[in-house]
Amino acid sequence: MLVAVPCSEDDCVVLLDAERGTEQGRIAVGAHPVHLTTVDGRTFVATMGERAVSVVVDGRVERVETGVLGPSHFATTDGEVLVPCTGGDVLTVIDVERLELRDRIGVGAEPHDVAVRDGLAFVGSRADGTVTVVDPSGGTVHATHEFDPEARIQGVEAASEYVYAVDQRNARLHRLTVEGIESSWDVGANPYDAVVDDSRVLVAGRGDGTVTEVPRGATGESGPGEARTREVGGTPADVALAAGSAWVLDRERPRLVALDADRSGERQTVDLPFPSFAAAVHPTDDTRLYVSHYDDDAVSAVDVAAGRVTWTAETAARPFEPEVI
């Protein structure tokens with residue numbers, strides 16, 4: 001297995017051996033790659049500085065022209081890859097098999113993230129502060145959900161029963177259905193994304209050193225069982241799920257911290273060589289995390305069960321979120 005790491009400043013994807021961390025190659029993919037996803041053996045790379053998505057197939061790079069700048073995140077459904085393009089205010093639909101653009105659908109201004117539930121795509125807008133619900137198979141807009149006029153929808157995450165949208169500017173988490181906003185909660189300052197596990201939704205507050213925990217059955221009203229704020233300190237960049245626990249990544253401090261205390265009342269901590277930015281879990285062994293050190297041009301493999309780093313490898317500049325392929 002390989003760890004694929006989009007490195008945004010050096011315009012390439014670095015491939016690392018998942019077991020040893022040895023570099024297996026670098027693939028030039030175009031300007032400012034930030035995210036990637038693999039579907040049917042084809043690795044799609046969001047190159048935000050291009051009017052195209054790069055696709056790595058059997059070691060070669062194909063380009064799918066989007067016609068507009070800023071491919072950012074990915075979602076998949078029914079043999080298609082969905083890509084919001086921040087510079088063109090559209091959701092692009094790419095045919096996985098043919099590697100060609102099938103549709104461009106207008107959404108809110110500066111779309112950034114997308115999630116799929118029941119065949120519908122929920123696309124968050126950073127500039128308009130809306131979530132557009134799109135039927136990608138029919139190329140139509142089903143609904144547009146509006147929030148506070150100053151809202152900036154940064155992250156969108158799907159669960160089995162709802163979709164969650166993170167308003168970065170107003171520090172709010174919204175729970176959505178196709179019909180509209182179902183509930184909302186205050187979260188920590190400068191949130192970026194939501195992470196959903198079996199029982200709760202977690203939102204890291206990068207601006208105030210917190211993680212907000214919202215039970216998936218919460219009603220949106222104050223009272224027992226509703227949102228609670230967990231103080232973790234530092235600058236929590238994200239939350240990763242591994243070995244049955246939620247692990248807080250810190251942009252300033254070189255460590256992983258378990259969000260939940262163990263039986264002794266302590267939070268397990270794993271020391272890292274550098275602060276962390278994003279992480280991916282091994283697909284068959286959820287005790288193993290691969291952590292990118294964005295500011296230090298490196299990636300580490302972490303055995304969270306053993307509480308240790310197994311290897312650290314240098315990468316090209318500014319590694320974003322890794323993926324195991």
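Which residues line the largest cavity?

**Entry 1: ground rules**

I began by noting that this is a predicted model, in which local features need pLDDT of at least 70, side-chain atom pairs count only at pLDDT 80 or more, and totals for chains, interfaces and linings use all residues. I also noted that residues are numbered from 1 along each chain as its sequence is written, and that side-chain values use heavy atoms, with hydrogens and water left out.

**Entry 2: the cavities**

Rolling a probe the size of a water molecule over the atoms shows where empty space is left. For the search I wrote down that, on a 1 Å grid over the protein atoms alone, a cavity is a set of points where a 1.4 Å probe fits but cannot get out, that a pocket is an open set with protein on both sides within 12 Å along at least five of seven lines, and that lining residues have an atom within 4 Å of a point. Grid points are joined across faces, edges and corners, and a volume is the space filled by probe spheres set on the points.

In the whole structure I found two cavities of 30 Å³ or more. The largest cavity has a volume of about 40 Å³, and its lining, which answers my opening question, is made of Val232, Gly233, Val248, Asp250, Arg253, Arg255 and Val257. At least two of the lining residues come from β25 (245–250), and at least two come from β26 (255–258); here strands (E, at least two residues) and helices (H or I, at least four) are DSSP runs, numbered from the N terminus. I sorted residues by class, counting Ala, Val, Leu, Ile, Met, Phe, Trp, Tyr, Cys and Pro as nonpolar, Asp, Glu, Lys and Arg as charged, and the others, Gly among them, as polar. By that scheme the largest cavity is lined by three nonpolar, one polar and three charged residues.

For the second largest cavity I noted a volume of about 30 Å³, with Arg251, Pro275, Ser276, Phe277, Tyr294, Asp295 and Asp296 around it. This lining divides into three nonpolar, one polar and three charged residues.

**Entry 3: the largest pocket and Asp193**

I then turned to the largest pocket, which holds about 1,300 Å³ of space. It is lined by 39 residues, of which Glu157, Asp193, Asp238, Ala279 and Glu321 are the closest to its centre. The lining has 28 nonpolar, four polar and seven charged residues.

Asp193 belongs to strand β20 (residues 191–196). When I left aside neighbours within four places in sequence, I found Asp193 in contact (heavy atoms within 4.5 Å) with Asp113, Gly155, Val156, Val166, Leu202, Val203 and Ala204. Between Asp193 and Gly155 there are 4.4 Å from C-alpha to C-alpha, although the two are 38 residues apart in sequence.

**Entry 4: the open sheet and Cys7**

I traced an open sheet of four strands in the order β3-β2-β1-β32, with antiparallel pairing; two strands pair if DSSP finds at least two bridges between them. The edges are β3 (23–28) and β32 (323–324), and each has a single partner strand, so one side of each is left without a neighbour in the sheet. Strand β1 (residues 2–7) and strand β2 (residues 12–17) run antiparallel and are joined by six bridges, and I saw that Pro6 stands opposite Val13 in β2.

I found zero disulfides in the whole structure, a disulfide being a pair of cysteine sulfur atoms within 2.5 Å. Cys7 is buried, with a relative accessible area of 0%.

**Entry 5: two loop residues**

Lastly I looked up backbone angles, and found that Asn190, which is not a glycine, has a positive phi of about 55°. Asn190 sits in the loop between β19 (181–186) and β20, where it is partly exposed at 36% relative accessible area. Ala243 is not a glycine either, and has a positive phi of about 50°. I placed Ala243 in the loop between β24 (236–242) and β25, and its 34% relative accessibility counts as partly exposed.

Key
Buried means under 20% relative accessible area, exposed over 50%, partly exposed in between (1.4 Å probe, protein chains only).
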